Amino acid sequence: MTLTDAITQAGVTAVKQNIHGTMEFLQKYPPFNQMDVAQLAYLVENCQLRFYAEGDTIIKPADGPVEHFYIVKQGRVHGERPHSARRGTETTFEITTGECFPLAALLGERATRTEHLAAEDSFCLLLNKPAFVRLFSLSAPFRDFALRGVSSLLDQVNQQVQMRAVETLGSQYSLDTRLGQLAVRQPISCSPDLSTREAVRLMHEQHVGSIVIVDKQTRAQGIFTLRDLRKVVADGSDLDQPISQLMTQSPFHLPPEASAFDAAMAMTERHIAHVCVVQDDTLVGVISERDLFSLQRVDLVHLARSIRHAGRIETLIAIRSDVQRLVDSMLAHGASSTQITQLITLLNDHTVCRIIELTLEDLGDPGIAFTWLCFGSEGRSEQTLHTDQDNGILFEAADAVEAAAIRGKLLPLAQEINQRLAQCGFSLCKGGIMAGNPELCLSRHEWSRRFSQFIHESSPDSLLASTIYFDLRAVWGDSQGCEQLRSELLQQIADNSLFQRRMAENALRQKPPVGMLRNFVVARKGADKDTLDLKVQGLTPFVDAARLLSLAHGVSACNTLERLRELIRLEVIEQQDGAAYEEAYHFIQQTRMQQHQQQARTQQPYSNRIDPAHLNVLDQRILRESFRQAQRLQSSLALRYQL
């Protein structure tokens, strides 16, 4: 071999080693870790490595349409934009090793709207636009990521969570299954004039537990179930009378696009065992709790019914242990953290109602109508396995004297209910926000005055403690008084810009734990060393911002995601921003729930603190991006209220 050949061969070997090393690097990060090897090799072969010193501009708006796809191989890149309220610029995001940019500009064939600067000495892989376009057409994982960004990464996380749960539970179904897919059998129906006896015979022949009564246009008029039949027989009703006389009128229905989870929640909330599937006013199917049971190893509807019919507090205590297994099952069936928090809240509501009823039976009904209120996460329907009590009582009274007399009768009852809730796993509130506290057992007029004081007289510190009350919801009793309070609250806040500004200041107190010089900002010493708080630092910025903007714009919803969606509809928040906030909130909540699950399994005390170093690379990346979305939301509040 000649010297020239040897040099050439050494060069070829070096190139191959470089390509191999770059491929190994990329395979650590999504979406490259899901790409076909040949497609990944094509990407690497068409890349060039470029160095940027700290402070160098990589791309800027003035450069015109973007011509390259950038992947950070080493270092950090900041996105800088002019600050709309102050002079200078602000950093809107940070991109680190394994991340890429600027997808939106590249796909839109336009200039970037953000200047990208090297935050430290950095190396980037540059893929030219023609190669990017070809890779976009060849690789489905790459195309999905380019189009959907963080959403596609969240899908990967959800799939991993589901796979881990499925390995434990051995399930292959999803509660996201559309009702149109489940209701494959032609629904059994009859006309309103058919005799009840004939309708029952038809149910028996078809081996179904219900029959839907329809008119000539196949519109559902009513439903008759085996539960109804047992009641009819017990009452001695005539089975020869038309089924229309004994049916349940206007049965609850959902569209085919609704999910199995929607049906399960409806059954649990409405105490029903069947849901009609209706499209364009026409009956197309019926879903029973038996159908849903095939999707669940723990029967949600049966569990809710067991709670409602529990005869003793000890029974409720035992049933509560099933909730943990239900959460495991829900994860295995593909339920999101939002679905699970709604489900937990719903079962908690049933438990609260049953405890109130049992306490009234044991202590005697005082003969006073009252409403049991909940606040905070329960009021927002966002409870997890780790929860404490935030509740109160509302009643009607003509004046202060009558209110004091009623309070004296209700307080012993409320205090016993608080203690029984604690026995069932709802920790007593350390701050005393419980119905057994005389300050939270109030007439509607007293509650109204209290809210007015919050709005017109509160200091920043007292406001910090009072915001929990703005997420109020009626759990037991007449909800009319609660709705009147909410209506008054919205009207007063909408007209009070000073209070809104104070709420905005409060919403900016908890800073998301992600900094400029490192990935995460964690505690540096003490028992919490190297950890951050997913609830206080991660979820609270979204909760506080959504609450403020909703109250300021007359949105009556309490749930954080419902508030965000309504704010998008009202164009208070841009749709793209709202979608990003929702995804970020969902992921932080999911990470928190997974931690609680693991703590429950290992019999450790519940904690919202997590060491991000214990997460895998994908989870770290999305968690960091989720915290950045919280930063963006807080920045928008600061600009809106000039803080």
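In this predicted model, the charged end of Arg 134 sits over the ring of Tyr 42, 5.8 Å from its centre. Lys 73 makes a like arrangement: its charged end sits over the ring of Phe 25, 5.2 Å from the centre.

The structure holds 20 aromatic pairs. Two of them are tabulated here.

| Pair | Centre distance | Plane angle | Class |
|---|---|---|---|
| Phe 370 and Trp 476 | 4.9 Å | 35° | tilted |
| Phe 470 and Phe 499 | 5.9 Å | 85° | edge-to-face |

Phe 370 belongs to strand β16 and Trp 476 to strand β19, so their pair ties together parts 106 residues apart in sequence. Phe 370 is buried, at 6% relative accessible area. Phe 470 lies in the loop between α18 and β19, while Phe 499 lies in helix α20, 29 residues apart. Phe 470 is buried at 1% relative accessibility. Phe 499 is buried as well, with a relative accessible area of 1%. Both belong to one aromatic cluster, whose members include Phe 375, Trp 447 and Tyr 469.

Helix α22 spans residues 560-569, and its buried residues include Leu 561, Leu 564 and Ile 568. At the helix start, a side-chain oxygen of Asn 559 comes within 3.1 Å of the backbone nitrogen of Leu 561. Just after α22, Glu 571 has a positive phi of about 65°.

Ser 122 lies in strand β8. Ser 122 is buried, with 0% relative accessible area. A polar atom of its side chain lies 3.2 Å from the backbone nitrogen of Arg 76. Ser 122 also touches other residues, among them Phe 51, Tyr 52 and Gln 74.

Key: Residues numbered from 1 in each chain as written. Predicted model: local features only at pLDDT ≥ 70, side-chain atom pairs only at ≥ 80, totals over all residues. Heavy atoms only, no water. Helix = DSSP H or I, 4+ residues; strand = E, 2+ residues; numbered from the N terminus. Buried < 20%, exposed > 50% of the residue type's maximum accessible area, 1.4 Å probe, protein only. Polar contact = N/O pair within 3.5 Å; in protein donor to acceptor, adjacent residues only side chain to side chain. Contact = heavy atoms within 4.5 Å. Phe/Tyr/Trp six-rings, centres within 6.5 Å; stacked < 30°, edge-to-face > 60°. Lys NZ or Arg CZ within 6 Å of the ring centre and 35° of its normal. Lists of a residue's contacts leave out its neighbours within four places in sequence.
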